[in-house]
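My notes follow in the order I looked things up.

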Amino acid sequence: MIAANGIHKAFGGQVVLSDVTFTVKPGQRVGLIGRNGTGKTTLLKILSGLMDPDRGSVSHGPGVEIGYLGQEGQLAPERTLYDEMKSVFSWVYDLEEQMRDLESQMETLQGEALQECFNTYGQVQARYDHAEGHTIDARIRTVLAGMGFHPEDLDRPCREFSGGWQMRGAMSRLLLTAPTVLLLDEPTNHLDLQAVEWLEQYLSQLKGSVLLVSHDRMFIDRVVNRIIELDDGVVEEYAGNYTFY
């Protein structure tokens, strides 16, 4: 899914990452651990494309989409929480609008033009059905409820939420995008126990891959099936959860 190839990064002469090489395969849920200041966040940012390495490269398979959640989340302040979540699916709503336009056209067309329009409609509808557009509302409400939001919160402007709830909203939006690789930096920092338990279950059922940093050892234990330890700029891998490590 994603590979770090000889990653090297230094700040002011201090080497943080030195020839870091590893791969994350489909379906793997990896815990990235190490002491504070060892470069875990730096590595996540390089993998996400937000930061360039001094040497080395990041590669990923065809069609792989990377989703990154840092330690600060940001939502569009003027949008309602629900509309912010809906923005993830703008391309699906575009398909729906395209279908309505094609339906209107088919009412007036005949012959080959009608057949061509009908064929185009079938293609657009297939993409819409594949995206499960009819389930968007339920998916949004399920994820927001899992993150601890109440139904009355959906119509509130995002600017009204505190920093911690902004983070929950940013995580909700990221989960709804369903990237093939999730990079999470301290995802449980602003979550209560109920939201942490929901997130554990959600991540455990994902078809994609996860690479996460967390100081919550119990959370790591329940979610990951592989450990990568970062120490003195280099990595060592362990097949198993935190207890195994």
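Predicted model: local features only at pLDDT ≥ 70, side-chain atom pairs only at ≥ 80, totals over all residues.

I started with helix 6 (residues 163-177) and helix 7 (residues 193-204). The crossing of helix 6 past helix 7 is left-handed.

Which residues make the contact between helix 6 and helix 7? From helix 6 I listed Arg168, Met171 and Leu175. From helix 7 I listed Ala195, Trp198, Leu199, Tyr202 and Leu203. By class I have 7 nonpolar, no polar and 1 charged residues in this contact.

Next I turned to helix 3 (residues 90-106) and helix 4. Their axes come within 9 Å and cross at roughly 160 degrees. Angles over 145 degrees count as roughly antiparallel, so helix 3 goes down as roughly antiparallel to helix 4. Helix 3 also passes helix 4 in a left-handed crossing.

I then wrote out the contact of helix 3 with helix 4. Helix 3 brings Val92, Leu95, Glu96, Gln98, Met99, Arg100, Leu102, Glu103, Gln105 and Met106. Helix 4 answers with Leu114, Cys117, Phe118, Thr120, Tyr121, Val124, Gln125, Arg127 and Tyr128. I sorted these residues into 11 nonpolar, 4 polar and 4 charged.

Is Cys117 buried or exposed? Its relative accessible area is 6%. Buried means under 20%, so Cys117 is buried. Leaving out residues up to four places away in sequence, I find Cys117 touching Leu102, Gln105, Met106 and Leu109. I also checked Cys117 against Glu103: they are 14 residues apart in sequence and 8.7 Å apart in space, C-alpha to C-alpha.

Cys158 came next. At a relative accessible area of 0%, Cys158 is buried. How many disulfides are there? With a cut-off of 2.5 Å between cysteine sulfur atoms, I count 0 disulfides.

Last, I went to helix 1 (residues 40-48). Its buried residues are Lys40, Thr42, Leu43, Leu44, Ile46 and Leu47. Just after helix 1, I noted Gly49 with a positive phi of about 90 degrees.

How values were computed:
Residues numbered from 1 in each chain as written. Heavy atoms only, no water. Buried < 20%, exposed > 50% of the residue type's maximum accessible area, 1.4 Å probe, protein only. Left-handed = near helix turned anticlockwise from the far one by under 90°. Helix = DSSP H or I, 4+ residues; strand = E, 2+ residues; numbered from the N terminus. Contact = heavy atoms within 4.5 Å. Nonpolar A, V, L, I, M, F, W, Y, C, P; charged D, E, K, R; others polar. Axes fitted to C-alpha atoms, helices over the stretch in contact; angles between N-to-C directions. Parallel < 35°, antiparallel > 145°, perpendicular 65-115°, else oblique.
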